[in-house]
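I opened my notebook to go through one model, stop by stop. Here is what I looked up.

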Amino acid sequence: MRLKTPYYLIHERKLLKNLKTIQALKKSSGAKFLLALKCFSGWCVFNLISKYMDGTTSSSLNEARLGKEKFSKETHLYCVAFSGNEVKQARMYADTIIFNSISQLKKFHKDTGKLRVGLRINPGVSFSNFSLADPARKYSRLGVIDKKELLRIGNLISGVLFHFNCENNSFKDFSSNLDFIENTYGNLLERINWVSLGGGISFTQEGYPLPKLSERLKRFREKFNIQLYMEPGEAVIANSAELITTVIDVVRNNINIAIVEVSTEAHMLDLLVYGLPAKIKTTGKGKHKYIIAGRSCLAGDIFGIFRFKRPLRAGKILRISDAAGYTMVKKNWFNGLDMPSIAVKKMNGTIKTVRKFSYDDFLNSLS
Ligand SMILES: Cc1ncc(COP(=O)(O)O)c(C=O)c1O
């Protein structure tokens, strides 16, 4: 039976392909791999992911709780700033806590109990095509900059986090930034037990030089005799889900515009934030050109311009690919639009709807 659109469809088989890459990298590099929940928190497939990854890393107490309760294994918690008694509460869910500043480290260290404690460092080098997502951008608040201060915190920490990449598909660039980190923080790295290099490396992309990455990670790990962690989000779920939606109207304003049930703003926010086109499989380089537009009231709610072999009519189903990362975790109820359900295409080919949303969910998101 055909599912009612719109829905996000997570493909276990495609996910598995990425997970096998992670499995091989883990084995050859000796690094541990944690799923970054900020990118993907689709716990309906955590059973599968947790067979191949070592745990999760989170950005808030809520994510840490989800990681602990639905994924288990190792649970790291980093937050840009903790407040109130969050650090004490974190002891219920996390095994490792990472502070973003020396002031927070000093303030909350007494509350950390048996948690392993780390600190985020901003090495001042990074890779990102977008200033918005560049952790080392001017005036960045993400991580400690002052190297002298780092030396003064003594034994308060057992490890550090450097998250300095965003969709970095250049091994050369990653490796040279790692050289910089080795040279700049060598004294500190020799004294600690673990290092996380964060996420943002596109190592599941076709053609990424995996043997080189593995060798480089191994060398770094062995040089400082540390437990190395990687925190991929996007690389874990790249190309493993679609957002499936139906065209509900076609209008014309110099160009044909097909309006679909979903919206960039509400269901694939990053397209708007970063000004990127959606990936929509069309039937080829047809002569019928359309703007595919969302149905929110936002004038610029546009998925992109695509060509089709045949004219689009209301009722045509479109499949937007690469729809797992930073989509479901960011969805919102703007305009009160229907929320896409979530479905999983299991390894055996059957499709199961795992979540449907209703008016009550909209109602309960407000008061
Ligand atoms: C600290 C940290 N770790 C991991 C990630 C995951 O990055 P990605 O999804 O690009 O792999 C992010 C993303 O912003 C991050 O801030």
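How exposed is Tyr-326, and what is its relative accessibility? I found 24% for Tyr-326, which counts as partly exposed (buried is under 20% relative accessible area, exposed over 50%, partly exposed in between, with a 1.4 Å probe and protein chains only).

Before going on, I noted that this is a predicted model, where local features need pLDDT of at least 70 and side-chain atom pairs pLDDT 80 or more, while totals for chains, interfaces and linings use all residues. Residues are numbered from 1 along each chain as its sequence is written, and side-chain values use heavy atoms, without hydrogens and water.

Most residues other than glycine have a negative phi, and most peptide bonds are trans. I looked for exceptions. Tyr-326 has a positive phi, near 55°, and sits in the loop between strand 15 (317-321) and strand 16 (helices, H or I of at least four residues, and strands, E of at least two, are DSSP runs numbered from the N terminus). Asn-239 has phi near 60° and lies in the loop between helix 9 and strand 10 (241-253). Asn-239 is partly exposed, at 47% relative accessible area. I also found a cis peptide bond between Thr-5 and Pro-6, with omega about 0°; Pro-6 belongs to the segment before strand 1.

**Helix 1.** I traced helix 1 over residues 12-29: its 18 residues reach 25 Å from first C-alpha to last, close to the 26 Å expected (1.5 Å times one less than the number of residues). Its buried residues include Leu-15, Leu-19 and Ile-22. Strand 1 (7-11) and helix 8 (210-224) are among the elements covering them. After helix 1 comes Gly-30, with a positive phi near 80°.

**Helix 1 on helix 8.** Their axes lie 8 Å apart at an angle of about 40° (axes are lines fitted to C-alpha atoms over the stretch in contact, with angles from 0 to 180 degrees between N-to-C directions). The two helices are therefore oblique (under 35 degrees is roughly parallel, over 145 roughly antiparallel, 65 to 115 roughly perpendicular, the rest oblique).

**Helix 7 on helix 8.** Helix 7 (residues 171-191) and helix 8 have axes that come within 11 Å and cross at roughly 5°. That makes them roughly parallel. Among the contact residues I noted Phe-174 and Leu-178 of helix 7, and Leu-213 and Phe-220 of helix 8.

Methods: Contact means heavy atoms within 4.5 Å.
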